[in-house]
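Keep the 3D view open as you read.

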Amino acid sequence: MPKNKTLKDIVGQNVKAIMVAKKLSQPKVSTLAKKSGTPLDQTTVGRVSRAEFPATLDTLEAIANGLGVAPWLLLLASGSDVGLLELL
């Protein structure tokens, strides 16, 4: 029986999907976040993308800035009416 996905799992899956779609590495996401004024360590990007770290709202905002997306996009569950990659 598949386990229910947590919000941490959903965010991690979305971060990975956006990184792949935009061809961004963890260091690049970190650098782009810092350039937008939100400090972010590349290890944090990795931990969030692997659902190892419960991200704070500040961390979600920093990652979203680094990815160049609105923070709410990181919260969309797969199977929702709006496809994540369609919004990029």
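The report below goes from the core to the helix contacts and then to the loops.

This is a predicted model, in which local features need pLDDT of at least 70, side-chain atom pairs count only at pLDDT 80 or more, and totals for chains, interfaces and linings use all residues. Residues are numbered from 1 along each chain as its sequence is written, and side-chain values use heavy atoms, with hydrogens and water left out.

Let's begin with the core. A nonpolar core is a set of buried Ala, Val, Leu, Ile, Met, Phe, Trp, Tyr and Cys residues joined through side-chain atoms within 4.5 Å; buried means under 20% relative accessible area, exposed over 50%, and partly exposed in between (1.4 Å probe, protein chains only). The largest such core has 19 residues, and Val15, Val29, Leu40, Ile63, Leu67, Val69 and Leu74 touch the most other members. At least two residues each come from α1 (7-21), α2 (26-35), α3 (42-49) and α4 (57-67). Helices here are DSSP runs (H or I, at least four residues), numbered from the N terminus. The largest share of the core, five residues, is supplied by α4.

Next, look at how the helices meet. The axes of α2 and α4, lines fitted to C-alpha atoms over the stretch in contact, with angles running from 0 to 180 degrees between N-to-C directions, come within 7 Å and cross at roughly 100°. That makes α2 roughly perpendicular to α4, a label for angles of 65 to 115 degrees. In this contact (heavy atoms within 4.5 Å), Val29, Leu32 and Ala33 of α2 meet Ala62, Ile63, Gly66 and Leu67 of α4. In α3, Thr44, Val45, Gly46, Val48 and Ser49 are buried, and the buried residues of this helix pack against α1, α2 and α4.

Now for the loops. Most residues other than glycine have a negative phi.

| Residue | Phi | Loop |
|---|---|---|
| Ala51 | about 60° | between α3 and α4 |

Lys23 is exposed, with a relative accessible area of 76%.

How many salt bridges does the structure hold? There is one, with a salt bridge taken as a side-chain nitrogen of Lys or Arg within 4 Å of a carboxyl oxygen of Asp or Glu. The side chains of Glu52 and Arg50 form this salt bridge (3.0 Å, N to O). Glu52 is partly exposed, at 44% relative accessible area, and Arg50 is partly exposed, at 44%.

Definitions and conventions: Parallel < 35°, antiparallel > 145°, perpendicular 65-115°, else oblique.
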